[in-house]
Amino acid sequence: MTPIEQIIFLLKAVPVTLAISLLSFLFGLGLGILLAFMRIFESAPLRYLSDSYEKFFRSVPVLAVMLLLYFGVGPFIPIFKDPFFTSVFSLGIVSGANQSQIFRSAIGSVGRTQMLAAISIGLTRFKALRYVILPQALFLAVPGLGSEIALLIKDSAYSFIIGVIELMKHTDILRASQRSLILPYVSSAIIYVVMTFPVATFLDKWGSRKKKELGL
Amino acid sequence: MNKILECRNLTKIYGKVVAVNNVSIGIGKGETKVIFGPSGSGKSTLLRCLGLLEKPSSGSIYFNGLDVYATRQDLNKLRARIGFVFQDPSLFRHLTALGNIMLGLKHVIGLSESEAWRKAYEALRLVKMEDWANYYPAQLSGGQQQRVGIARAIAMDPEVVLFDEPTAALDVELKWEVIAVMKDLADRGTTMLVATHELRFAKEVADEMIFMDQGQIIEIGSPEHFFTSPNTERAKKFMAKILG
Ligand SMILES: Nc1ncnc2c1ncn2[C@@H]1O[C@H](COP(=O)(O)OP(=O)(O)OP(=O)(O)O)[C@@H](O)[C@H]1O
Ligand SMILES: [Mg+2]
């Protein structure tokens with residue numbers, strides 16, 4: 001293959017890498033918001049559950065979760081025999097713990113008086129969270145979420161180990177079939193940078209600007 | 001006279017601090033009452049308890065004669081009928097002036113988008129902020145924000161509105177626009193309980209003034225009474241201090 005052909009071959013894997021990252025991000029987002037909300041409500045068991053979840057999954061390597069689910073759970077629960085699903089699921093549950101922490105600190109900086117004002121017009125606690133606290137927390141969380149997306153794009157490379165045909169896998173195919181090691185790895189690295197850097201930078205800038213505009 | 005909102009023997013304790021100590025007051029339909037007293041005397045705490053934003057340590061609160069906590073009323077429903085205006089206006093920062101007012105109309109009262117819009121706009125007109133309907137709080141001056149805060153409270157058609165030092169954080173020039181709005185409300189017969197040190201406001205509209213110190217009510221009387229001959233030494237001193 002010519003260098004151009006090799007690069008095109010690598011680029012063909014980009015949609016799968018992006019799909020894994022995006023889906024696991026969305027899964028982690030839902031989970032993160034849920035976990036952050038559980039921390040706020042009065043029920044002690046919910047708070048404890050959310051706290052333990054966060055502590056545990058922030059300390060475990062994604063790769064360990066992925067391998068455990070694929071090799072350990074897969075034989076018993078068929079859905080985990082699917083590498084794509086297992087990688088999205090593993091990245092998602094770990095990201096949920098990170099995103100929970102991002103939201104918790106964002107909700108914390110929205111401030112107590114906003115909650116009081118929301119309650120004062122008769123909103124239930126849940127509606128106050130939904131319509132007043134969460135929208136502001138989302139703005140505050142955007143820069144952190146940008147870093148989280150970048151992290152997921154990078155970590156999606158682990159999926160290669162359980163057999164997902166994504167960017168790292170295509171890089172490895174080139175390594176095995178072509179003479180040069182440099183070209184596949186360097187090109188692949190550059191592609192990862194091009195995917196992560198603009199997203200993280202854009203969201204960081206946008207979030208900071210919104211924060212300033214709204215006086216958050 | 002039947003009171004709309006009333007507390008009996010209300011006490012609120014934070015740790016070791018007795019913020020409000022055995023206070024009983026009430027406010028009837030159409031009345032305007034002013035609470036005043038030194039910093040830390042418990043005005044905000046008393047108002048937050050009456051607004052059902054905080055639970056008293058002991059004592060009872062009656063809304064239209066109903067013991068709120070003893071009869072386990074739905075607090076969210078009652079809060080919607082008691083307006084609250086905060087010292088820092090506490091507008092929702094992600095919403096425009098109009099959006100701030102529409103939120104409760106839509107998600108508490110259940111009005112449709114267009115009904116809520118009309119009602120919110122109406123409230124903005126009452127506080128002369130209709131030209132600023134689509135501005136975000138961060139784009140408004142302190143006085144303008146406070147007027148929107150008042151509009152947010154009155155748009156819900158509350159039976160009583162509680163004000164916690166609504167002008168205390170404002171520059172002198174900005175105070176008057178807020179006070180003018182509050183006078184206007186009082187003249188329209190709004191039932192109001194106002195913590196404030198604006199004695200001119202009190203003199204012109206208050207039916208009764210309540211002087212607090214160290215969590216207790218020290219003296220109650222008409223503005224006339226406080227301006228001419230307060231009974232207690234503490235009230236005398238405090239009046240002298242704020243009249244400067
Ligand atoms: N949430 C709280 N936690 C602990 N202590 C509190 C709390 N709120 C008020 N206090 C204490 O209760 C007392 C009364 O405070 P409060 O804010 O009600 O007074 P205030 O009359 O409104 O004063 P100011 O004029 O400064 O607003 C003070 O000693 C205060 O420190
Ligand atoms: Mg106060």
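Predicted model: local features only at pLDDT ≥ 70, side-chain atom pairs only at ≥ 80, totals over all residues.
Before you start: residues are numbered from 1 along each chain as written, and chains are lettered from A in the order in which they are written. Local features need pLDDT of at least 70, side-chain atom pairs count only at pLDDT 80 or more, totals for chains, interfaces and linings use all residues, and side-chain values use heavy atoms, without hydrogens and water.

**Exercise 1. Describe the fold of chain A, and find what links α2 to α3.**

Step 1. Start with the elements: chain A has nine helices and zero strands, where helices are DSSP runs of H or I with at least four residues, strands are E runs of at least two, and numbering starts at the N terminus.

Step 2. Next, take the extent: along the principal axes, the C-alpha atoms of chain A fill a box of roughly 70 × 45 × 20 Å.

Step 3. Now look for the link. A:Arg39 and A:Asp51 form a salt bridge (a side-chain nitrogen of Lys or Arg within 4 Å of a carboxyl oxygen of Asp or Glu), with their closest N and O atoms 2.4 Å apart. A:Arg39 sits in α2 (residues 14–40) and A:Asp51 in α3 (residues 44–57), so the pair ties together parts 12 residues apart in sequence.

**Exercise 2. Work out how chain A meets chain B.**

Step 1. Count the contacts (heavy atoms within 4.5 Å): 22 residues of chain A touch 22 residues of chain B.

Step 2. Turn to buried area, the accessible area (1.4 Å probe) that two parts lose on being put together, summed over both. The two chains bury about 2000 Å² between them, 64% of it on carbon and sulfur atoms. In chain A, A:Ser120, A:Ile121 and A:Leu214 lose the most area to chain B, together 29% of what that side buries.

Step 3. Assign the elements: α6 (112–120), α7 (125–155) and α9 (182–214) of chain A each give two or more residues to this side, and α6 gives the most, with seven.

**Exercise 3. Which residues make the nonpolar surface patch of about 380 Å²?**

Step 1. Apply the rule: patch residues have over 30% relative accessible area and no salt bridge, with like charges joined within 9 Å and nonpolar side chains (Val, Leu, Ile, Met, Phe, Trp, Tyr) within 5 Å.

Step 2. Read off the members: A:Ile182, A:Val186, A:Ile190 and A:Val194. A:Ile190 is placed in helix α9 of chain A.

Technical notes. Areas by Shrake-Rupley, 256 points an atom, 1.4 Å probe, with all protein chains shown as cover.
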